[in-house]
Amino acid sequence: MSDKGIRIEGLKKRYGEGDTAVEALKHVDMQVAPGEVVGLIGPSGSGKSTLLKGLGAVIDPTAGRMVLGDDVIYDNGWKVHDLRALRRDKIGFVFQAPYLIPFLDVTDNIALLPMLAGVPNAKARAMALELLIALDVQHRAGAMPSQLSGGEQQRVAIARGLVNRPPVILADEPTAPLDSERAMAVIRILNEMADRFETAIIVVTHDEKIIPTFKRIYHIRDGVTHEEKGEGRAFA
Amino acid sequence: MISLAGRDILQSWGKFVFTGFGLGLLIGVTLTMAGVYRGMVDDARVLLDNSAADLWVVQKDTLGPYAESSSVYDDLWRSIVAMPGVARAANVTYLTMQVRQGNRDVRAMVTGIVGGTANSPGWPPQLVAGRQITRGHYEAVADVAAGFELGDHIQIRRNHFTVVGLTRRMVSSSGDPMIFIPLKDAQEAQFLKDNDAILAQRRRSSENPAFNRPGVPGLLDAVLDSQTSNNYVNAILVQLKPGYLAQEVATPIERWKRLEVYDRVAMEEILVGKLIATSSRQIGMFLVILAVVSAAIVAFIIYTLTMDKIREIAVLKLIGTRNRTIAGMILQQALALGLIGFVVGKIAATFAAPVFPKYVLLIPFDSIAGFFAVMLICVLASIVAIRMALKVDPAEAIGG
């Protein structure tokens, strides 16, 4: 397995101090290679969301090490200085609900990220359009989010997650609001994008329909991850 | 970089315009209040300008004739006009009262003027219709704000007058329209009692033993005569000869005639600094209250608009948007709201001003100052929303 992508070793997260302390993550080891899509599953309260927030650089782990591509993000209390820029440039997010910015059209929802990174507007919009074509929603480029179907919104959200070519994408229940057909379409798209852009994708899900599609799955239970081989079924 | 604030406003322009319209009406009231104060000051200045006087000679130790009651003998003007530096001097009386016309009455400042020419002290400088007073009695020139027309018959005390001329912007410092009548009639209106009162006074005087002394047979008649005569005016308006300073003419009058003399600067200070000072403080308080209410409304609206976007703000922060970009978006929206409100308010005040019964003067300085005050209020009002937005945890965008 490649050294790039994302690698997590012994990640821990504790909330609070003393008797009231809660150990949300006790020991997390993960590695996802570029181009790979893995599933992260576990029951409610198992630590999925905490892990996702740690991977998304919005909470600081108590201990452990996280390496993104060639960059060390956390190392036992040490962390990268500018987490905001890290999130913008190195991590893509796809949420359960698309959470598109309602007052920006489809193109600008995607182009906003490169614009925030200082890319000129025209070039950022060209990058967005390229992804819209790849995701087959280019005909909705000028539409507002409220004018899109649920599946279209989710594809736009995926495009937004990919636009800065991050080494890793965190997808939080991306198929939850979709029917089976659209859910499978989203997973197919994520796999295609991972393959095309050499992106490591971690999909947090409860969705029984899509779990068999992963080749590797991380189970998390009581704050500890266990890796297992997935079925890797072809998409319906 | 695209303007997030601009896009949000375009997306929900109806909400912004409607809210801005409501805010604008409040700003319009604020601008109008400022205009009311400016109008009061302007009324005071116009009163002084239109009196065509360089000096006001009034009763000693009074601030007359506008701010306090003042009575001086009506023959004093002869000695004053003979003093060095005096070009013209004229008696004048002022009495604010209800002037009747048929079944209606109008509050007006009745001004008694002596015969002369259009540029005589105290005369209305120009007419918009009709002619100046040419007869010694029972003619009137009225400001159009009184609502009278040429040929109207009006009643002042027990006498009737015919309106022979109309003038404009001749108002008292309180904004009441002025009505000019011959001095003798004005003296009678101001100082003479009605017939019943005169009879009662004569009876009381004739029964007073002090006026019926056997050794002074003509005393009672002299006293009665003095009681029914009206040889007082409120002030003498003085115009200076070219080359004379107000103070060098005023000082001898004060010294030798034992009177109070005010020049234009002093009289303006009395009118603006004393007569309408309380009103201006009152309006100032209203302006402060309106500013605070406006700030509270803008703060509440911006806070609500920001609360509606909490999830979007969390997403923006999660994907790496700088805090200053988010703060700038909220600030720009507050300023846009203020701008819409100011434009609506300015238009509303401009259209509403002529409808007010008293003069409302909207000056560009107040509009410019008002604009910057609104912008400042919007900046301050957005602080609460900005603080809240900056506290939003990007983790809120991630489920769980």
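Q: How many residues does the contact take from chain B and from chain A?
A: In this predicted model, the contact takes 26 residues from chain A and 19 residues from chain B, where two residues are in contact if their C-beta atoms lie within 7 Å.

Q: Which helices supply the side of chain B that touches chain A?
A: Helix 1 (4-11) and helix 10 (310-318) of chain B each supply at least two residues of that side, and helix 10 of chain B accounts for the largest share, with 4 residues.

Q: How do the residues of the side of chain B that touches chain A divide into nonpolar, polar and charged?
A: On that side of chain B there are 9 nonpolar residues, together with 5 polar and 5 charged ones.

Q: Why is the set that includes A:Ala159 and B:Val57 called a nonpolar core?
A: A nonpolar core consists of buried residues of listed types, Ala, Val, Leu and Ile among them, joined through C-beta atoms within 7 Å; the largest such core here has 174 residues, and A:Leu190, A:Ile202, B:Ala140, B:Ile179 and B:Ile236 are also among those with the most contacts inside it. Helix 2 (residues 13-50) of chain B gives the most to this core, namely 10 residues, and at least three residues come from each of domain 1 (4-44 + 278-397) and domain 2 (60-192 + 230-258) of chain B.

Q: What separates the centres of domain 1 and domain 2 of chain B?
A: Taken over C-alpha atoms, the two centres are separated by 47 Å.

Q: Which residues is B:Ala140 in contact with, leaving aside its neighbours within four places in sequence?
A: B:Ala140 is in contact with B:Ile154, B:Phe161, B:Thr162, B:Val163, B:Val164, B:Ile179, B:Phe180 and B:Ile181, which means that the C-beta atoms of each such pair lie within 7 Å.

Terms used:
Residues are numbered from 1 along each chain as its sequence is written. Chains are lettered from A and ligands numbered from 1 in the order in which they are written. This is a predicted model: local features need pLDDT of at least 70, side-chain atom pairs count only at pLDDT 80 or more; totals for chains, interfaces and linings use all residues. A residue is buried if 20 or more other C-beta atoms lie within 10 Å of its own, exposed if 12 or fewer, and partly exposed in between; C-beta atoms are placed from the backbone. Domain bounds come from an automatic or database domain assignment. Ala, Val, Leu, Ile, Met, Phe, Trp, Tyr, Cys and Pro count as nonpolar, Asp, Glu, Lys and Arg as charged, and the others, Gly among them, as polar.
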